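Visitor: I would like to learn how to read this model feature by feature. Please give the general idea each time, and then the case at hand.

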Amino acid sequence: DPAGTGLTNLYIYSKETGSVQMVALSMKGSVSHPVWSPDGVRLAFELTRNGTVSILDYNTQNGGWLPIADGIASQDSVDDSILTLDWSADVDMPAITWSVGTIGHVQSIWVRRVGVAGTVGAQLLTNGDYVQAIYSRNGHGNAGSWLLVSSVIGRPGDLLLIDAVPGARVIALTNGKQIGFAWWSPDGTQVDYLDAVSAGVG
């Protein structure tokens with residue numbers, strides 16, 4: 001916010017030339033949490049304007065931008081925010097995925113494919129009340145996957161999985177556990193977790 005307007009803008013800095021380019025958007029608002037696509041061509045980011053949070057996608061090659069989702073946090077859901085925003089690792093079928101809610105209460109998981117002719121809008125993968133939602137770009141053959149820890153009367157419950165693919169179903173990975181923490185292997189092919197009851201590793 002070099003002009004002191006109270007609104008943060010999106011800038012791209014080139015390490016090769018040392019130049020700084022401000023990305024021109026057609027709507028005013030404060031930009032936050034930019035994340036690069038795996039091929040380094042696109043940027044997904046949050047835009048907050050008049051109390052409403054949206055997700056936009058900026059294409060650095062043609063200078064175009066695409067609205068991904070709107071109204072994530074509004075007057076009706078003032079406490080909700082984007083908790084995780086990321087891309088799939090598949091450069092041939094790029095997708096943006098994100099979680100919405102508050103810390104300890106993830107309410108929904110979404111996905112939106114971009115750069116594909118005839119792409120549909122944002123699609124809800126699952127909603128509920130989850131203690132954690134941990135994303136891996138490399139899960140499901142680079143399409144991306146989420147680990148979810150269910151909430152049982154405010155306490156951590158079982159570990160669930162859903163791929164970041166439209167139409168995917170939630171799969172239970174444990175039964176009758178209290179998952180204290182879960183994490184992905186770096187390649188997205190394995191899942192480890194701590195059972196809060198037995199303090200064991202799965």
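Guide: Start with confidence: pLDDT is the predictor's confidence in each residue, from 0 to 100. Helices (H or I, at least four residues) and strands (E, at least two) are DSSP runs, numbered from the N terminus. This is a predicted model, in which local features need pLDDT of at least 70 and side-chain atom pairs count only at pLDDT 80 or more, while totals for chains, interfaces and linings use all residues. Residues are numbered from 1 along each chain as its sequence is written, and side-chain values use heavy atoms, with hydrogens and water left out.

Visitor: In which strand is confidence lowest, and in which is it highest?

Guide: Where pLDDT is low, the predicted coordinates should not be read in detail. Here the chain averages a pLDDT of 88, and 92% of the residues score at least 70. Confidence is lowest in strand S15 (residues 191-195), with a mean of 89, and highest in S13, at 96.

Visitor: In what order do the seven strands of the open sheet stand?

Guide: Strands of a sheet pair through backbone hydrogen bonds, either parallel or antiparallel. Two strands count as paired if DSSP finds at least two bridges between them. In this model the order is S7-S8-S9-S10-S11-S12-S13, with antiparallel pairing. Strand S7 (81-87) and strand S13 (171-172) stand at the edges with a single partner strand each, so one side of each has no neighbour in the sheet.

Visitor: How many bridges join S12 to S13?

Guide: Two bridges join S13 to strand S12 (residues 155-163), and the two strands run antiparallel. Leu161 stands opposite Ile171 in S13.

Visitor: Is strand S11 largely enclosed or largely open?

Guide: Burial is read from relative accessible area: buried means under 20%, exposed over 50%, and partly exposed in between (1.4 Å probe, protein chains only). Six of the eight residues of strand S11 (residues 145-152) are buried, so S11 is largely enclosed by the rest of the structure. On one side, six bridges join S10 to S11 in an antiparallel run, and Ser136 has Ser145 in S11 as its bridge partner. S11 also pairs with S12 over seven bridges, again antiparallel; Val149 has Leu159 in S12 as its bridge partner. The hairpin of S11 and S12 has two residues between the strands, and Ile153 takes a positive phi near 50 degrees there.

Visitor: Which residues touch the most other members of the largest nonpolar core?

Guide: A nonpolar core is a set of buried Ala, Val, Leu, Ile, Met, Phe, Trp, Tyr and Cys residues joined through side-chain atoms within 4.5 Å. The largest has 14 residues, of which Ile55, Ile72, Ile82, Leu85, Ile96 and Trp98 touch the most other members. Strand S5 (52-59), strand S6 (65-69), S7 and strand S8 (95-102) are the elements that give two or more residues to this core. A second, separate core has 13 residues, including Ala95, Ile109, Ala133 and Tyr135.

Visitor: Which residues form the nonpolar patch on the surface?

Guide: Patches are made of residues with over 30% relative accessible area and no salt bridge; like charges are joined within 9 Å, and nonpolar side chains (Val, Leu, Ile, Met, Phe, Trp, Tyr) within 5 Å. Accessible areas come from the Shrake-Rupley method with a 1.4 Å probe, and for residues only the protein chains shown count as cover. The nonpolar patch consists of Tyr11, Tyr13, Val20 and Met22, which together have about 420 Å² of accessible area. Strand S1 (11-13) and strand S2 (20-22) each give two or more residues to this patch. Met22, in strand S2, is partly exposed at a relative accessible area of 45%.

Visitor: How many salt bridges are there?

Guide: Side chains of opposite charge can pair when their charged atoms come close. A salt bridge is a side-chain nitrogen of Lys or Arg within 4 Å of a carboxyl oxygen of Asp or Glu. By this rule there are four.

Visitor: Where in the chain do Arg137 and Asp86 lie?

Guide: Arg137 and Asp86 form a salt bridge, with their closest N and O atoms 2.7 Å apart. The pair links distant parts of the chain, 51 residues apart: Arg137 is in the loop between strand S10 (123-136) and helix H1 (139-142), and Asp86 is in strand S7. Arg137 is partly exposed, at 24% relative accessible area, whereas Asp86 is buried, at 17%.

Visitor: Is Asp195 buried or exposed?

Guide: Asp195 is buried, at 7% relative accessibility. Its side chain meets that of Lys177 in a salt bridge (3.6 Å, N to O). Asp195 is in strand S15, and Lys177 is in the loop between S13 and strand S14 (179-184), 18 residues apart. Lys177 is partly exposed, at 31% relative accessibility.
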